Amino acid sequence: MATFDVVKRDAPKARPALSKFSWAWLGVLPFFLFAFMFLIYPSSTIALGSFQDTKTHTFTFQNFAHLLQSPSLIASYWISIKISLITSIGGGIFGFLLAYSAIRGGLPRFMRSSLMTFCGVASNFAGVPLAFAFITLLSPSGVLTGWLKAMGYNPYFHGFQLYNFWGLSIVYMYFQFPLMVLVIAPAIDGLRKEWLEAAENLGASSFQYWRYVAFPILLPAILGTMILLFGNSFGAFATAQALTGGAINLVTIVIGSQLRGDVLGDAGLGYALASGMVVVMVIAITGYTLLQRQTERWLR
Amino acid sequence: MTHLKLTNISKEYGGTTVVQDFNLDVEQGEFVSFLGPSGCGKTTTLRMVAGFEKPTSGTITINGQDITNIAPNQRNVGMIFQAYALFPNMTVAQNIGFGMQIHKESKGAIKERVNEMLALINLEKHANKYPFQLSGGQQQRVALARALANRPQVLLLDEPLSALDAKIRVQLRSEIRAIQKKMGITAIFVTHDQEEALSISDRIVVMYEGRIEQVGTPFEVYNFPNTRFVANFVGSLNTADAEVVDPVKGLLSMDGIHFESAEGTKDRKKGDKIKIAIRPERFGFASEQKKANVVDSTIENITFLGSVVRIQLKIGNTKFNMDTFNNPFLELPKIGAIEQVTCSREAVLVLDE
């Protein structure tokens with residue numbers, strides 16, 4: 001008869017408790033370094049600098065007092081707000097209509113992919129290259145202006161100017177509406193066909209469906225994206241600087257001139273102006289986040 | 001009296017026929033289910049009644065009025081969708097009152113009807129919640145209330161239970177049936193779930209490849225399938241190749257084992273190849289009821305399915321399933337044992353080869 005030895009085995013050792021340090025942190029370290037160097041550190045410097053006297057480095061409200069007492073500085077905010085409002089509303093409406101046509105308008109599928117590819121590129125096309133592109137295209141001696149002149153129409157004889165407020169607004173629109181298309185597309189995709197059918201089934205006309213169902217559902221997303229466009233335009237600097245050479249008194253250009261380090265600059269005032277911008281941007285991002293959250297909840 | 005009538009309805013998409021020659025009369029207050037596999041044309045037919053698809057040919061009438069070319073928003077037909085389709089920007093009460101709001105009914109009338117509907121679906125406490133705050137079952141009940149609030153002539157239900165979990169599905173289908181009966185509304189219910197169709201319907205329309213295979217009560221469709229497709233699709237079915245031995249007596253042979261069928265085989269000749277079909281629950285152990293069709297079988301496997309125990313048998317060279325109620329006080333045969341099983345002559349269905 002076969003016998004078996006009973007082998008006594010110790011109970012397997014409990015797995016040692018996981019060490020508190022996870023090496024995964026190393027993977028995200030570059031992100032934190034980047035965020036610290038280019039977001040937290042500059043923001044803190046701005047916040048602190050706005051309450052510091054540039055020469056004595058003592059605490060002061062003088063920078064803000066100076067800012068609030070200067071009509072030209074207040075006007076720079078107003079010009080920035082105006083151009084941001086115009087390009088966010090204009091770009092928002094145009095971008096929405098474009099996105100809706102491409103996604104829900106029954107156009108061939110390649111239209112959508114072509115549009116999205118273009119928007120992906122155009123929404124990131126800003127700064128000096130964008131200004132240069134428009135100068136070569138629409139300046140008094142630009143290519144398109146030349147063609148128009150050849151056809152007997154000189155836009156500059158009809159009030160058009162590339163280097164003024166409205167010219168800059170047109171240039172800004174070039175990156176504003178593509179951003180709208182990219183951000184609003186998922187919301188339009190989220191509009192379900194059954195909602196239209198359910199509304200029709202309950203007696204609604206196409207107009208009533210848009211009025212009571214589709215538009216209210218899309219509204220938070222549209223408004224949220226317009227706020228994003230507002231922030232996008234409000235913070236733009238290089239395009240305006242390159243195109244107008246500082247002729248338009250945007251707040252970003254004023255900040256740039258204060259912080260450039262020349263003898264006319266006042267860094268403390270620049271920081272105070274930048275703090276004001278941070279406040280506007282925080283409000284814009286908060287509004288965008290809240291509205292986006294609402295949209296996500298509805299379109300889930 | 002015929003309430004909803006579909007006459008010679010066909011639908012083609014770019015040369016492909018998805019519904020053909022569909023004829024159906026539905027009585028007032030009747031609950032009719034369209035049952036069939038995916039792509040059989042049941043939803044397309046329902047959508048043609050709703051007006052979301054236009055028939056290529058044929059007519060649809062409700063109460064004698066031709067609605068074939070009437071826009072969906074003019075038909076007064078209520079519809080419930082598979083994915084609820086509640087408007088996410090509106091509360092439960094607003095969703096239910098939407099149709100009445102569109103029809104410009106007074107605020108008082110809307111409020112009264114909404115409350116009535118909320119009571120009907122037992123969601124009075126949820127009137128001010130948004131759809132995302134409700135469970136799937138609750139959302140579908142709201143969709144039902146919304147569809148009924150307009151007092152539609154016909155209620156259309158497009159697989160309304162398929163997105164719900166099993167328990168809720170069973171509960172909600174009973175609720176839907178009870179509400180439909182209470183309101184006396186004509187209903188068309190689309191499903192691919194045979195159990196759902198069998199349990200809820202007055203009549204079932206079994207569809208396959210755009211055609212009606214059979215129209216009948218659940219009892220008729222299950223027990224007396226007209227075609228092999230219906231026999232296979234509705235319920236579980238054992239099928240086996242056989243041939244006619246005596247057409248007058250209904251005697252059939254499967255691997256040399258004889259079965260008698262009550263179904264007429266008189267129009268067939270001796271030696272004709274046919275298929276026999278027997279539902280698993282129609283088998284029993286011969287020791288319990290020695291009647292016709294007593295055959296030897298080998299027990300190959302036993303599967304416990306809750307209320308039912310499924311026994312896999314081998315009769316001759318053919319495997320059959322036999323279903324028996326689970327009785328914990330009754331000993332089941334052992335695997336490998338040879339047992340005599342039986343089924344009545346009526347249980348043996350004859351299908352064309």
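**Strands 17 and 18, chain B.** I looked up how strand 17 of chain B joins strand 18 (residues 318-325) of chain B: the two run antiparallel, with eight bridges between them. I took helices (H or I, at least four residues) and strands (E, at least two) as DSSP runs, numbered from the N terminus. I counted two strands as paired if DSSP finds at least two bridges between them. Val309(B) has Thr324(B) as its bridge partner in strand 18 of chain B. The two strands form a hairpin with two residues between them, and Gly316(B) in the turn has a positive phi of about 60°.

I noted that this is a predicted model, in which local features need pLDDT of at least 70 and side-chain atom pairs count only at pLDDT 80 or more, while totals for chains, interfaces and linings use all residues. Residues are numbered from 1 along each chain as its sequence is written, and chains are lettered from A and ligands numbered from 1 in the order in which they are written.

**Strands 16 and 17, chain B.** I then went back to strand 16 (residues 294-304) of chain B, which runs antiparallel to strand 17 (residues 308-315) of chain B and is joined to it by six bridges. Ile302(B) is bridged to Ile311(B) in strand 17 of chain B. This hairpin has three residues between the strands, and Gly306(B) takes a positive phi near 95°.

**Open sheet, chain B.** I found four strands in an open sheet, in the order 2-1-4-5 (chain B), with antiparallel pairing. Strand 2 (16-27) and strand 5 (65-66) of chain B are at the edges with a single partner strand each, so one side of each has no neighbour in the sheet. Strand 1 (residues 2-13) of chain B pairs with strand 4 (residues 57-62) of chain B in the antiparallel sense over five bridges. Within strand 4 of chain B, Thr59(B) stands opposite Thr7(B).

**Helix 1, chain A.** I checked the length of helix 1 (residues 24-50) of chain A: at 1.5 Å a residue its 27 residues should span 39 Å, and the end C-alpha atoms are 38 Å apart, which agrees. The expected span is 1.5 Å times one less than the number of residues. Helix 1 of chain A bends by about 40° at Phe36(A) (the angle between axes fitted to the seven residues ending there and the seven starting there).

**Contact of chains A and B.** I found 18 residues from chain A and 19 residues from chain B in the contact (C-beta atoms, placed from the backbone, within 7 Å). Helix 8 of chain A gives the most to the chain A side, with six residues.

Conventions. Two residues are in contact if their C-beta atoms, placed from the backbone, lie within 7 Å.
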